[in-house]
Amino acid sequence: MIRYVSRTAVEADWRCRRSRYYMTEYHGTGIVSAKQADDLVFGSVIHKGTEQIECEAMGWESASAWTRQDLLKAGFNEQMARLGEGLVAGYGAYLLPRILKDYEILQVEYECSLPLTDELAIAVQPDLVVR
């Protein structure tokens, strides 16, 4: 039987083994807080916006506007929504084209596992797999 670990679980174990146990193993699945922290929500929306550009589902203009609307729906104020919009627009207009000059995107959010031993593997999900 292969046991899978993640970076989140490993870092939780370093901080507090009991916390890691409750997060990943309690009652077979683990338990987590019902409410996500604002920083996590903000980062998740930004991440989804950049992912939309990388998958070519949207241009950066549409993805940044979508990000702003999603942040407002999540309860963030206009200033934070505009910040998120700017982050996604900057990524799509400036950073991603520089990446694409040198690399070809093979996968976006590719889920895989890497074996560490015969019985242990780490679950990973890189944002981009490039060549």
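**Notebook entries**

I began with valine 130, which lies in strand 5 (residues 128–130). For elements I use DSSP runs, numbered from the N terminus: helices are H or I with at least four residues, strands are E with at least two. The model is predicted, so local features need pLDDT of at least 70, side-chain atom pairs count only at pLDDT 80 or more, and totals for chains, interfaces and linings use all residues. Residues are numbered from 1 along each chain as its sequence is written, and side-chain values use heavy atoms, with hydrogens and water left out.

**Valine 130.** (Buried means under 20% relative accessible area, exposed over 50%, partly exposed in between, with a 1.4 Å probe and protein chains only.) I then listed its contacts, leaving aside neighbours within four places in sequence: Tyr103, Glu104, Ile105 and Leu106. Contact means heavy atoms within 4.5 Å. I also checked isoleucine 99, which is 31 residues from valine 130 in sequence and 9.4 Å from it in space, C-alpha to C-alpha.

**Threonine 67.** This residue lies in helix 4. Threonine 67 counts as buried because its relative accessibility is 0%. Beyond its neighbours within four places in sequence, threonine 67 touches Val45, Ile46, Gly49, Gly84, Glu85 and Val88.

**Helix 3.** I looked at residues 38–54 next. Helix 3 has 17 residues and reaches 24 Å from first C-alpha to last. That is close to the 24 Å expected at 1.5 Å a residue; the expected span is 1.5 Å times one less than the number of residues. Its buried residues include Val41, Phe42, Val45 and Ile46. What covers the buried residues includes helix 4, helix 5 (78–102), strand 2 (105–108) and strand 5. After helix 3 comes glutamate 56, with a positive phi near 60°.

**Confidence.** I read off the pLDDT, the predictor's confidence in each residue, from 0 to 100. The chain averages 92, and 100% of the residues score at least 70. Among the elements, strand 1 has the lowest mean (81) and helix 4 (residues 60–73) the highest (97).
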